[in-house]
Amino acid sequence: MLKPDAQREKILDLLEHAGGVTEESVRQVSKETGVPEADVWGTGKFYSLIDTPGKRTRVCDGLSCQMAGADELAKSIEDAGRACERVSCLGQCDLAVATLTEDMQLKTYTKKQTTISPDDPDLAINLAGPVDLSYSALKKAIVLGASGVIDEIEASGLQGRGGAGFPAHIKWKSVRSQPETQRYVVCNADEAEPGTFKDRETILRQPHKMLEGLAITAAMIETSEIYIYIRGEYGNEYASINRAIKEAQTQLAEFNFTVVRGHGAYICGEETALLESLEGKRGMPRLKPPFPTEAGFRGKPSLIHNVETIACVPSIIHRGGEHFKNLGRSEPGSKLYCISGHVELPGVYELPLGVTLDELVAAAGGYTGTPLAFSPGGASSGFLPISMRELPLDYKNLANAGSMMGSSGIVVLNDTVDMAQAAGWQLEFFERESCGQCAPCRIGSRYLRRQNDVYLKLGDPIAFEHADDVAWEMEEGSICGLGMVAAKPLESARKHFPDHFKTK
Amino acid sequence: MSESFKIKLDGKSVAANAGETVFEVAKRVGVDIPTLCHDSRLEPVGACRVCLVEVQGQRRLQPGCAWVVTSDMEIQTHNDRIQRHRTVLYNLYKSDHELDSTGLPLETGNGNQLRELCQTVPDMKLAPVDAARSDRPMDDNPYIQFEPDLCILCARCTRYCDEVEAVNAITLSNRGSATTIATAGQRSLIDTTCELCGGCIDTCPTGALIEKKAPKNLVQLGGTESFRSTCNFCGVGCQLDLHVHNDRVVKVTSPEPGETLNDGNLCVKGRFAYDFIHHQDRITQPLIRDFNGDLQPATWEEAIAATAKGLNQVREKYGSDSLGFISSSRCTGEENYLMQKVARAAFGTNNVHQCAAT
């Protein structure tokens, strides 16, 4: 039971500052914050950037980095006698293989060029466009008032770009309808879905679109409190946000921005786990209801949006919802598509929502080798066969195909890849990143990864005898979205690539 | 008076009150919804997933322990979907659990509710997942043993330690399949804020937490006979159940939460300090000193008569207020009441005190 004056929200930063979780650091942090020692210990031990002290090189084992030779790189680091840790996706899939040095600096080993869409003022985010410091959309929004702004958001058809695709205006309305007037805006910049690096580019190139979007959102739900939760591995991006807040301090004078760094946990991209983490707890998702719009950060109504969703807002205000809607093809808006893996020019491309894989890859310089499969929306979306290259990459069509739009982190795999191996990499990711709270996900993700390992070793599909039942239960029984999709890579690979799972 | 309405539980109309959970309503009307992580003293967390039910209008199964009913809600607690869910879930738990030679979850002296649940579904014989879950091998506390391979991570122990005892000695630690129950620095419980109340043992549904002092194979030995008694270490009057095997107390537990004033809780003395019962030095009958000053066995009648005689002699010689009565803090409220009655009514003095009063 926490003492009323305990400062729980500080403990993770203090632990990181102290160099990670040790008996001594935990004692100190407990003393300083009034949070019981065991709680400090258990919370710190949840997060991979602070759970074990000591310097080491972190080598990404996301899908694109694996395909680019992450195993060999890690081995060469170990062979050189240096400590090395394999970590989940670092959000640099276009620059694979990615590492964080012992001093937590990004170092990549790419042999390819990476790029973004060229400047086009029509696009909602327009990564390559000029930086606009006027904050005129904020001024316009304040003149329009909440109902006017929300009407435009509704007309724009803006869907949550973090993965769920939930209509944005419904959340805004829900927060506004709460009797509680202490409210929060929370920006989810915990970009960690393997294959995804669009928020990274947005923060680095157009941070003011994000800040302006946040300010507009805050003004509309009548709060000044804005929290940005950014993954701890994003050092340059963290600096970019802080720099931008400083640059626009006059325009943003009425808002209080707090930028909080994560400490190494993919699950904190799940909105309620993110809230737990903001509150200085283990990032274990909450039961819903209540939804964050009713009881979110500190138990107060909170409006949580992904970076990209928020960054679309200024454009919608400037040019109207209808204009944004028409930027899309099968669904509203332009969309940041990340593409990496076996393509010539990996990068972030802003295209009409609903383009096909072939169109996207055409923008990205074409396929490398003979394409076999693609993962359309991060590890959570599983794999689709290249025969579905004509499918519009949007929320509805991908869901109907048994996959998902997710974070639109698209990875192309060519015919040099063993799909059982690729499924294994993704399963390993989910096993490592499962929070451990509920059994279907905690045990199921480990069970499937081990059975896939058994198959890779022995070549006997009997290893998958119970895989369908376990996958079904993970989707039915898990608390949050991670557990619900953690079996997807294996399920979809077995479904679409039966030849890769035969008796060997 | 809270609002009442009807809901449909497995097709039958039943009365429910606003604020009640599906689990509470079902329990009240005698419909069994299994659960492992639920303890009525704790905030529901819905983590074990055992109590998932179908709520009409909800795409996903929902935890009965946390789902609050509303008027006209329709709930299914049994159907093919729920049965498949339970079958795979229990089998997953089994693949992450120490099993006995029959392939069922191992049963310690405190039973194992997971074992009972597993007997209700077919055995899928899932390969063990062999989770790397650490324990505390250096924990030399004398009372509480943690067996990580019997732990299902329902967190009842850590939540009990936090929400009921406000002690926060233990925590969930690590992540994913390596999640375990830990202390800060994995220190012995003795070196933490732990008060060794043993409430974590009581709330653990699978016997992953057990009394170090109790025989490990209590169930296999044929179980114990239970006797309700009042703790005599202080005057609170906690009720306890003495578990007797072969005429010896081998374990002490609290009655179920909600049954008695201690609401399922005990302290370190009540739960663990029972060795005196069978101690060779324990005085089990009245003793009176003989002319040589040696203690000799006597009957209660003789002892009470001797005491009364001695006290009366003092009173007659020096007056009532020359007497003083002090009772022990181990006496119950009723015993203390009788003590002051003896002092005032029988001997006519207000010189009466109880050692815990100051």
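In the predicted model, strand β11 (residues 239-245) of chain B pairs with strand β12 (residues 248-253) of chain B in the antiparallel sense over five bridges, where helices (H or I, at least four residues) and strands (E, at least two) are DSSP runs numbered from the N terminus and two strands are taken to pair if DSSP finds at least two bridges between them. Within this pairing, Arg248(B) of β12(B) is the bridge partner of His245(B), and the hairpin of β11(B) and β12(B) has two residues between the strands, with Asn246(B) taking a positive phi near 55 degrees. The model is a predicted one, in which local features need pLDDT of at least 70 and side-chain atom pairs count only at pLDDT 80 or more, whereas totals for chains, interfaces and linings use all residues. Residues are numbered from 1 along each chain as its sequence is written, and chains are lettered from A and ligands numbered from 1 in the order in which they are written.

For chain B, the domain assignment (bounds come from an automatic or database domain assignment) gives domain 1 (4-78), domain 2 (129-278) and domain 3 (287-354). The C-alpha centres of domain 2 of chain B and domain 3 of chain B lie 40 Å apart, and their contact takes six residues from domain 2 of chain B and six residues from domain 3 of chain B, two residues being in contact if their C-beta atoms, placed from the backbone, lie within 7 Å. On the side of domain 2 of chain B that touches domain 3 of chain B there are two nonpolar, four polar and no charged residues; here Ala, Val, Leu, Ile, Met, Phe, Trp, Tyr, Cys and Pro count as nonpolar, Asp, Glu, Lys and Arg as charged, and the others, Gly among them, as polar.

Chain A is assigned domain 1 (57-108), domain 2 (136-326), domain 3 (335-414) and domain 4 (419-501). Taken over C-alpha atoms, the centres of domain 3 of chain A and domain 4 of chain A are separated by 22 Å, and the contact takes eleven residues from domain 3 of chain A and 13 residues from domain 4 of chain A. The side of domain 3 of chain A that touches domain 4 of chain A has six nonpolar, five polar and no charged residues.

Four strands of chain A form an open sheet with parallel pairing, in the order β8-β7-β6-β9. Because β8 (256-261) and β9 (302-306) of chain A stand at the edges, each with a single partner strand, one side of each is left without a neighbour in the sheet. Neighbouring strands of this sheet are turned against each other by 20 degrees on average, direction ignored. Strands β6 (residues 184-189) and β7 (residues 225-230) of chain A pair over five bridges in the parallel sense, and Cys187(A) has Ile228(A) in β7(A) as its bridge partner. Helix α11 (residues 271-278) of chain A packs on the sheet and touches β6, β7, β8 and β9 of chain A, its direction making about 105 degrees with that of β7(A); axes are lines fitted to C-alpha atoms, for helices over the stretch in contact, and angles run from 0 to 180 degrees between N-to-C directions.

The contact between the chains takes 38 residues from chain A and 42 residues from chain B. On the side of chain A that touches chain B, the largest share, nine residues, comes from α17(A), and the residues of this side comprise 17 nonpolar, eight polar and 13 charged.
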